[in-house]
Amino acid sequence: MTSKPDRVVLIGVAGDSGCGKSTFLRRLTDLFGEDFVTVICLDDYHSLDRKQRKETGITALDPRANNFDLMYEQIKALKSGEIINKPIYNHETGMIDPPERVEPNHIVVIEGLHPLYDERVRNLLDFSVYLDISDEVKIAWKIQRDMSERGHTYEDVLAAINSRRPDFKAYIDPQKEFADVVIQVLPTQLIKDDKERKVLRVQMIQRDGVEGFEPAYLFDEGSTIDWIPCGRKLTCSYPGIKMHYGPDAYYGHSVSVLEVDGQFDKLEEVVYIEQHLSKTSVKYSGELTELLLHHREYPGSSNGTGLFQVLTGLKMRATYERLTTKEAKIAARV
Ligand SMILES: Nc1ncnc2c1ncn2[C@@H]1O[C@H](COP(=O)(O)OP(=O)(O)OP(=O)(O)O)[C@@H](O)[C@H]1O
Ligand SMILES: O=C(CO)[C@H](O)[C@H](O)COP(=O)(O)O
């Protein structure tokens with residue numbers, strides 16, 4: 001950690017396993033600096049270990065397998081600047097290890113299956129994002145990772161996804177209603193009956209009316225825009241790129257949606273798109289593209305997932321700066 005924080009800013013990153021949380025967290029630590037951010041994986045609050053879950057038939061997604069009282073107490077304490085002794089869930093053994101000491105930091109990210117599930121924990125959050133990966137894409141990503149890196153068969157991966165689905169629908173998916181930003185990843189509409197899932201349609205669903213959060217927009221705030229940016233300034237090969245922006249309703253509240261369908265051929269040219277986006281919370285023109293270029297090797301850099309993950313990171317930075325400046329002003333007045 002750099003120095004003792006005056007104010008801990010708490011960020012929630014929610015999503016199912018294998019939905020790109022690690023990639024998103026890498027982008028966040030790149031943006032803020034590793035020493036500035038502490039990431040807490042909420043799997044550490046599993047109250048049932050692997051054996052107990054197997055015996056009872058309760059999955060890790062089920063709230064009964066998680067200790068929300070302890071989660072709330074500890075996250076609240078950390079946010080108030082106190083040191084905590086956090087349990088550890090060991091994914092290798094499937095058991096709960098002795099606790100570790102965690103100090104408060106400038107930014108604390110709680111990531112995992114349930115950051116927005118418990119109302120008390122949710123109310124502590126200063127900013128939240130839900131990574132919403134459609135089933136078709138989730139299967140493709142999981143198959144790619146679990147078959148190549150973890151030695152699973154295609155049938156294993158499919159069976160694991162299917163067995164998680166009921167509890168996912170019951171306990172994980174409903175959290176997106178509460179997120180400030182939902183990054184939704186869908187199959188492309190540019191290729192008819194696409195099965196490859198290499199080209200993606202990605203939406204950044206930004207909640208309107210959140211104090212201090214100004215949704216980014218394309219061309220004209222509040223209008224509905226369809227834009228094909230391909231041409232002289234943006235190179236596009238098959239199947240091209242389509243962008244969309246507009247207001248919408250999401251779980252009964254008003255949102256501003258940005259969408260990219262397709263792939264960027266030359267990442268440097270994303271600056272052309274950046275020039276047409278407003279309220280991106282960059283510090284200088286071109287910063288968004290620069291951040292994307294900095295880690296072009298991360299999965300999703302050449303499509304909307306990378307673009308919107310970086311943009312969401314910039315929104316988190318703006319929240320951090322707004323809250324810490326506000327606190328500094330309050331402290332100066334006392
Ligand atoms: N934006 C993306 N575009 C393409 N593939 C992606 C993207 N994000 C993630 N993936 C794929 O999905 C896999 C899982 O991503 P990641 O490890 O970031 O997810 P996770 O939510 O942290 O998973 P877990 O909780 O299981 O560790 C990656 O190995 C990668 O193959
Ligand atoms: O959804 C998950 C969060 O990452 C895991 O399945 C859960 O934490 C249980 O872990 P394991 O399978 O290692 O016992």
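Start by selecting glutamine 263, which counts as partly exposed because its relative accessibility is 27% (buried is under 20%, exposed over 50%, partly exposed in between, with a 1.4 Å probe and protein chains only). This is a predicted model, where local features need pLDDT of at least 70, side-chain atom pairs count only at pLDDT 80 or more, and totals for chains, interfaces and linings use all residues. Residues are numbered from 1 along each chain as its sequence is written, ligands are numbered from 1 in the order in which they are written, and side-chain values use heavy atoms, with hydrogens and water left out.

**Stop one: around glutamine 263**

Colour the loop between strand 12 (253-262) and helix 7 (270-275); glutamine 263 sits there. Helices (H or I, at least four residues) and strands (E, at least two) are DSSP runs, numbered from the N terminus.

Now show the contacts of glutamine 263 beyond four places in sequence: Lys198, Val199, Gly240, Ile241, Ser302 and Asn303. Contact means heavy atoms within 4.5 Å.

Zoom in on serine 302. Its side chain makes a polar contact of 3.4 Å with that of glutamine 263 (N or O atoms within 3.5 Å; within protein, one able to donate a hydrogen and the other to accept it, and residues adjacent in sequence count only if both atoms are side-chain atoms).

**Stop two: ligand 2**

Select ligand 2, then arginine 50. A side-chain N or O atom of arginine 50 is 2.9 Å from a ligand 2 oxygen. For histidine 91, the corresponding distance to an oxygen of ligand 2 is 2.7 Å. Finish on arginine 164: a polar side-chain atom lies 2.6 Å from an oxygen of ligand 2.
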